[in-house]
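Q: Please take a close look at one part of this model. Keep it brisk, and give the cut-offs as you go.

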Amino acid sequence: MLRIHNSLHGRKEEFHPIHPGKVGMYVCGVTVYDYCHVGHARCYVVFDVIARWLRYRGYAVNYVRNITDIDDRIIVRAAEKGESIGALSQRFIDAMHEDFDALAIQKPDHEPRATEHIAGIIAMITRLIKLGYAYVGLDRDVLYSVVKFPRYGQLSGKRVEDLRAGARVEVDLTKRDPLDFVLWKAAKPGEPSWPSPWGEGRPGWHIECSAMSSALLGAHFDLHGGGMDLKFPHHENEIAQSVPVCGGEFVNVWVHNGFVTTDNEKMSKSLGNFFTIRDVLKHVRHPEVVRMFLLSSHYRGPINYSHVQLLQADAALSRLYTALRDLPAASDPGAAPAAALLARQRFEDALDDDFNTPEALAALQGLARELNAARADARTAGAVLHVGALARELRSLASTLGLLNVPIEQWFRLSAQLPLNEEGSDNPRTQLGEAQIQELIAAREVARKTRNFAEADRIRAQLDAAGVVLEDKPGGATSWKRV
């Protein structure tokens with residue numbers, strides 16, 4: 001039975017979808033005013049694995065991940081860049097898709113944009129005003145009245161009295177209560193706006209997700225996710241907005257992933273300590289290394305980003321690729337051996353236990369060790385079949401996590417060396433292209449055939465200095481890999 005930690009109740013619970021065999025899942029997406037950073041990567045890799053696992057378990061998943069394409073930060077950034085808001089948003093949406101594709105983050109079933117749901121947003125605000133949960137403020141903003149919702153604070157565990165006491169420092173006379181938040185912002189000169197019953201304006205951030213989720217998943221759905229930083233106020237406000245309009249329940253299970261930290265401080269654009277996905281991808285062998293790094297810690301806890309962590313992820317992933325390298329051919333798939341069945345059971349149990357990816361990765365490493373031991377003794381046809389079955393199981397399970405999708409030899413020919421060392425300076429190691437490496441190997445082969453062993457040794461030393469290790473195989477063939 002799949003068990004998920006429900007942030008609403010602070011405990012793991014057995015997962016029972018509202019409609020048998022179907023799951024409605026909404027994840028708060030990116031506000032597109034800049035390139036995505038490693039914190040975004042963690043969030044969307046986590047929910048990519050959750051969607052993959054739900055499908056693996058046989059559920060028909062309707063996965064919605066929105067895009068916020070109208071926001072104060074977008075307006076400011078567009079003005080700074082001298083771009084239209086639409087052009088800037090589209091540029092960063094395209095960049096986001098490139099980054100997510102590189103990380104093997106599968107596309108959601110729906111990717112609504114806030115600007116496509118203005119009519120639904122206005123309809124929801126109109127309903128909240130009619131029900132007495134919202135009002136038009138003195139400056140023509142439409143505000144949500146927090147005092148009208150007794151359950152406010154249930155997700156975050158915050159007490160309204162404490163929040164109100166803290167809010168008194170910044171008194172806003174346009175609000176009835178310092179905790180009230182904006183649903184519709186009255187238009188300002190030069191800003192984009194849409195007509196509404198309260199005048200020209202644009203939606204507040206929180207109402208966007210309430211409108212988009214209900215439009216695509218219905219008033220009551222199974223799972224809502226996002227980063228831990230969204231629990232309050234964003235998700236708390238979503239509940240307050242949606243429950244009155246929906247007439248009861250809103251979301252059954254709330255899932256929040258932990259922060260990415262650098263030097264044990266939360267990574268964020270506001271603190272200036274973030275690394276964009278595209279910059280990080282320049283410094284790894286392959287994007288799978290970043291994915292491996294992000295899955296190496298449980299999604300609910302923090303994960304500290306560093307070059308050392310990336311190298312450790314590379315080494316762990318390379319162990320899996322090494323287990324699959326140079327396997328003997330097997331024409332018959334054969335039955336799954338006991339070791340493969342045990343690994344699958346361990347893998348499935350881990351992901352059924354609140355998507356425990358570190359334990360699932362440990363199951364893959366255990367299977368790789370079994371495979372290495374089996375191939376060392378693969379001298380009979382039966383043993384070859386056994387090795388082939390273990391390899392297929394390793395590939396199959398890893399693919400569920402979005403791993404081991406690179407051709408084996410290509411993996412080892414990619415550079416594993418980070419261009420930056422731990423001190424942040426340029427790495428002096430010379431990088432050789434694949435064509436240069438092949439030329440040097442061919443020259444070494446000529447030197448060996450002509451018994452010019454000093455030249456052959458010199459070429460090997462040159463390759464070794466460039467991080468290229470040669471392996472001379474029986475029959476005269478030479479393979480290579482980067483280290």
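Does leucine 404 count as buried or exposed, and at what relative accessibility?

A: Leucine 404 counts as buried, at 4% relative accessibility. Buried means under 20% relative accessible area, exposed means over 50%, and partly exposed is in between (1.4 Å probe, protein chains only). The model is predicted: local features need pLDDT of at least 70, side-chain atom pairs count only at pLDDT 80 or more, and totals for chains, interfaces and linings use all residues. Residues are numbered from 1 along each chain as its sequence is written, and side-chain values use heavy atoms, with hydrogens and water left out.

Leucine 404 sits in the loop between helix H13 (381–400) and helix H14 (408–413). Helices are DSSP runs of H or I with at least four residues, strands are runs of E with at least two, and both are numbered from the N terminus. The phi of leucine 404 is positive, about 60°, although this residue is not a glycine. Most residues other than glycine have a negative phi.

Aspartate 354 also has a positive phi, about 55°, and is not a glycine. Its place is the loop between helix H11 (338–352) and helix H12 (357–375). Aspartate 354 is buried, with a relative accessible area of 0%.

Next, leucine 401. Not counting residues up to four places away in sequence, leucine 401 touches Val49, Arg291, Leu295, Phe347, Leu351, Thr357, Ala360, Leu361 and Leu364. Contact means heavy atoms within 4.5 Å. Leu401 is also among the residues with the most contacts inside the largest nonpolar core, along with Met25 and Leu394. That core has 89 residues. A nonpolar core is a set of buried Ala, Val, Leu, Ile, Met, Phe, Trp, Tyr and Cys residues joined through side-chain atoms within 4.5 Å. Another core lies apart from it, with 39 residues, including Val64, Ala134, Leu163 and Val243.

The backbone has one more feature to check. Phenylalanine 232 and proline 233 are joined by a cis peptide bond, with omega about 5°. Most peptide bonds are trans. Proline 233 lies in helix H7. Histidine 234 is in H7 as well (residues 231–246). Histidine 234 is buried, with a relative accessible area of 1%. Leaving aside neighbours within four places in sequence, histidine 234 is in contact with Cys28, Trp205, His206 and Cys209.
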